[in-house]
Amino acid sequence: MTKCFYDLLDKLKIGIVLLDRRHRVIFWNDWMSKKTELTADSVLSMPIEDLSSKFASSRYSSILDTIFETGQSRFLSGAVHGTFFQNAEFQPDYETKQNLQIEKVDEHTLLIQVEDLSGHYMKVKQMKKFIEYLEKENDEIKQLEEKSRRIAMHDTLTELPNRLSFLNNLELKLNELKNSKSGKNLAVFFIDLDDLKKINDTYGHKVGDEILKEFANRISSLMKNWDSDCFIARLAGDEFVLFSESDSGIEKFANQANLLLEKIHPSFNIKNHIPLKIRASIGISVFPQDAMTVDELIDKADKALYRVKTSGKNGYEFYKPL
């Protein structure tokens, strides 16, 4: 082959290797030299098996002999067969991949064209890692958003919904009842723990906080057994509010008020302190008899609560117009 032809092969952007019948290198273009850092002079006349451990195996060595004998070309995919020549641009432990097209030139010469896909696979790998990073970051953002949303809608001490959450849910429930025209009643219970201030002053606010948390647990547990849609929240301090619906009249609400008072009656056993007794006062307003809006229902339940507080505490009353 002429020098002009070899110069042309050196300018190609793929690897070109020419072998003789004994698998010895008779041409190694510049692309191969740059990729492997093996110069043409250093590899000339060397068996390809010494330059590629893969060709040293009988499986691939026989492929070369078969192409010489039959003249049928072979394509060896890097995705299936991996790498044939070490790529000096990558770490030794990095999995490089190369496509090989092997063809018979004449009775004495075999052509191997090498396309190195290592850079492509590295970019794909990096892209996958980047996508995994984005997915992880997205999950973390969602978790933070959920945590922020929960903090915004829940009381941090008792973990009950807070005032804003209660107002939103009560508004939704009232709209549902108004649109359904089901004839159901809904009661708002305004609950105040009696004399919690005295416990805070006597034993400290940490004890008072433990009572608030235990109270929240007791009421939440009780409400799980109610056969009606209900919702409880902590408004502030020792004030709690809940709503409950009924399709069997307001007698059900009176029964629920009694159950609430009974649940509070057992002593609160706070660590390192004597058992403490807590009582509660409850004011109740009913939709639609007493009011039709969120603000009016809460206001009238508060007025009913006030009457309980001024008449001895530890009980409940329904709202009654003056």
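Contact means heavy atoms within 4.5 Å. Axes are lines fitted to C-alpha atoms, for helices over the stretch in contact, and angles run from 0 to 180 degrees between N-to-C directions. Helices (H or I, at least four residues) and strands (E, at least two) are DSSP runs, numbered from the N terminus.

The model described here is predicted: local features need pLDDT of at least 70 and side-chain atom pairs count only at pLDDT 80 or more, while totals for chains, interfaces and linings use all residues. Residues are numbered from 1 along each chain as its sequence is written, and side-chain values use heavy atoms, with hydrogens and water left out.

Strands of a sheet pair through backbone hydrogen bonds, either parallel or antiparallel. Two strands are taken to pair if DSSP finds at least two bridges between them.

Strand E8 (residues 239–246) is mostly covered, with 7 of its 8 residues buried; buried means under 20% relative accessible area, exposed over 50%, and partly exposed in between (1.4 Å probe, protein chains only). Strand E6 (residues 185–194) runs antiparallel to E8 and is joined to it by 8 bridges, and Phe189 has Leu242 in E8 as its bridge partner. Strand E7 (residues 230–236) is also antiparallel to E8, with 6 bridges; here Phe231 stands opposite Phe243 in E8. E7 and E8 form a hairpin with 2 residues between them, and Gly237 in the turn has a positive phi of about 55 degrees.

**Helix pairs**

Two packed helices are described by the angle between their axes and the distance between the axes. Both pairs below involve helix H10.

| Pair | Angle | Axis distance |
|---|---|---|
| H10 (205–223) and H11 (251–264) | roughly 140 degrees | within 10 Å |
| H9 (196–203) and H10 | about 140 degrees | 7 Å |

H10 and H11 are therefore oblique to each other: angles under 35 degrees count as roughly parallel, over 145 as roughly antiparallel, 65 to 115 as roughly perpendicular and the rest as oblique. Their contact is made by Phe215, Arg218, Ile219 and Leu222 of H10 and Leu259, Leu260, Lys263 and Ile264 of H11. These residues divide into 6 nonpolar, no polar and 2 charged; Ala, Val, Leu, Ile, Met, Phe, Trp, Tyr, Cys and Pro count as nonpolar, Asp, Glu, Lys and Arg as charged, and the others, Gly among them, as polar.

H9 is likewise oblique to H10. The residues in this contact include Leu196 and Tyr203 of H9 and His205 and Leu212 of H10. By class, the contact has 6 nonpolar, 3 polar and no charged residues.

Another open sheet of 5 strands has the order E2-E1-E5-E4-E3, with antiparallel pairing. Strand E1 (residues 15–19) and strand E5 (residues 109–116) pair over 5 bridges, and Leu111 in E5 is the bridge partner of Leu18. Helix H5 (residues 58–70) packs on this sheet, touching E1, E3, strand E4 (98–106) and E5, and its direction makes about 35 degrees with that of E4.
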